[in-house]
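I wrote down what I looked up, one topic at a time.

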Amino acid sequence: MKKFMAVLAMVAVVAFAAPALAATNPFMDVPQGHWAYDAVGLLASRGIVSGYPDGAFKGAQPATRYEMASVVARALVAVDAEKASKQDLELLKKLVMEFKDELDALGVKVDKIDKRVAVLEKNLGGWKLSGQIYFDANFTDYDSAPDDDRSFKFGRLRFFLGKQIDENTSLLVRINAADGSFTWDRAYVDTKLPYDVNFRFGRFNFDWEGDLGLYDPYTVNNDATFGDWDVDGFQFAKTWGMFNVTGIVGRNAGIEYNDDIVTEGDDNTHMTYALKIGANGEKWMLGAMGYWWNADNLNALVDVNTYGIYAGYNFTPAVQLKGVYYFQDLDPGFSFDGDDPKSWKAILDVKQDLLKFTSLWIEYAQQDNTFFGTNSYQYLGANEMNNQPFNTGTAKIFNIIADQQWNDKFSTYLRYWQADWDTNGIDDTKNWTVGVRYQYTPAIQFKLEYDSVDYGDGAFQEYNGKDNIFRFRTTVNF
């Protein structure tokens, strides 16, 4: 039947963009010179059509709709998005809808096929460029840097280059621009292994506290207590119902204490191993994390093994209580060995849906001053944790944030932060921030902020007095 042959020819064009050098046609009843010779030969070479046991194709006889449906399903598996045009993909999608019932009867899930066609359509052309720009106008009053009272500069200039290689495999590269130069700090591939194991390799970031919502998403530069590092290596992740496991083997991940990376010189000095095991119910989450950070270079100052337990419970969709507890095992040669520093925090997260006029984030944390972690709390112009002493005391930290979304254009926020460093000669650090945002377009946001931090006047602290900053930030996402 000629209609059957025409559809086969169209499928060949869509699936393989009909290359000029088609495969040799194996069927004796489709001779050279036949109008469908190249298309049928190409389909046979890719396993989409197989003919009959006697070596004939029998394209002239009527085909069942089930035969047609099986051809369409196999074509979808082999379709090449790099070569097929959008018009070709639209034709293939129409074929999917035409043979929907037959595909269902054959056990082919049409919703999965529709999803694959949608992925191919969305990523047609291969590469996708996106990015984010912060441009800041800063007006400051720093006791620590009195001459640096104003600056106009890019706070962030990032470009993301991505490619959907196939339905299960993608590539992402992140490029940072600073001081007129471009550097790439992330480049990784995501794909699927057998048994639905998600596999990532390359240079990537892992921030399990951020993934779990354990630091605030609202305002200024709050970061993970522990984690949020780039690493060169491999990540494996698997989910079974409510349970999930993620494992990482890598190198080059820097662990920081305040502003100091605990290596001297080359940061390519450590192997990093990490494992997270968790479970998520309808209203709760629970899990454990382990990080093993092992030096193999004389420049490295310390090995750090860190273990964490996290939990959360949703009283309502708008009210969540959550927290994380860490304890560390420091290298035996380190001067504070035996202290085994600890850090924990508890958070009450109340969404604006409940209070109507504001959201509310109430966080209390205790952290031993010898705990090795990231820069957990920052204000706009500097780092509040710079005053944290390095001794066996325990810092007590309050962090309270109120964020108000007034409409789709305007939002505001308030923040108060205080730390008691539990050390003679070092005063409490107090910080407050107020800001207003205006979403000019979906891509462009303007934000005006004022921030003040008071370090006190302790005799043995790194900073004294007050620092203040006004910042006007323009953000563009593209």
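**Entry: positive phi**

I began with Asp422, which is found in the loop between strand E17 (410–420) and E18. Phi of Asp422 is near 60°, a positive value in a residue other than glycine. At 41% relative accessibility, I file Asp422 as partly exposed; the scale I use calls a residue buried under 20% relative accessible area, exposed over 50% and partly exposed in between, with a 1.4 Å probe and protein chains only.

I then looked up Tyr195, whose phi is near 65°, again a positive value in a residue other than glycine. Tyr195 sits in the loop between E4 and strand E5 (197–206). Its relative accessibility is 74%, so I note it as exposed.

**Entry: ground rules**

A reminder to myself: the model is predicted, so local features need pLDDT of at least 70 and side-chain atom pairs count only at pLDDT 80 or more, while totals for chains, interfaces and linings use all residues. Residues are numbered from 1 along each chain as its sequence is written, and side-chain values use heavy atoms, with hydrogens and water left out.

**Entry: salt bridges**

How many salt bridges does a search of the whole structure find? I got eleven, counting a side-chain nitrogen of Lys or Arg within 4 Å of a carboxyl oxygen of Asp or Glu.

I looked at Arg186 and Asp230, whose side chains meet at 3.1 Å, N to O. Asp230 is partly exposed, at 26% relative accessibility.

Next came Asp349 and Lys322, a salt bridge with its closest N and O atoms 3.4 Å apart. Asp349 belongs to strand E14 and Lys322 to strand E13, so parts 27 residues apart in sequence are tied together. Are these two partners buried or exposed? Asp349 is buried at 2% relative accessibility, and Lys322 is buried at 6%.

I also noted Asp403 and Arg437, which meet at 2.8 Å, N to O. This pair links distant parts of the chain, with Asp403 in strand E16 and Arg437 in strand E18 (residues 429–439), 34 residues apart. Asp403 is buried with a relative accessible area of 8%, and Arg437 counts as buried at 10%. Elsewhere, salt bridges that share partners join Asp136, Arg471 and Arg473 into one network.

E13 and strand E14 (residues 342–350) run antiparallel and are joined by nine bridges; I call two strands paired if DSSP finds at least two bridges between them. Gly323 stands opposite Ala346 in E14. E14 also runs antiparallel to E15, with eight bridges joining them. Here Leu348 stands opposite Ile362 in E15.

**Entry: aromatic pairs**

I count rings of Phe, Tyr and Trp (its six-membered ring) as a pair if their centres lie within 6.5 Å; planes under 30 degrees apart are stacked, over 60 edge-to-face and the rest tilted. By this rule there are 31 aromatic pairs. One of them is Trp208 with Tyr291, a tilted pair at 5.5 Å centre to centre and 40° between the planes. Trp208 is in helix H7 (residues 208–211) and Tyr291 in strand E11 (residues 284–295), 83 residues apart. Trp208 is buried, with a relative accessible area of 3%, and Tyr291 is buried with 3% as well.

The rings of Tyr326 and Phe371 have centres 6.2 Å apart and planes at 45°, so I log this pair as tilted too. Tyr326 lies in strand E13 (residues 319–330) and Phe371 in the loop between strand E15 (359–368) and strand E16 (394–405), so the pair ties together parts that are 45 residues apart in sequence. Both Tyr326 and Phe371 are buried.

Which residues form one aromatic cluster? I listed Phe206, Trp208, Phe226, Trp229, Tyr291, Tyr326 and Phe371.

Notes:
Helix = DSSP H or I, 4+ residues; strand = E, 2+ residues; numbered from the N terminus.
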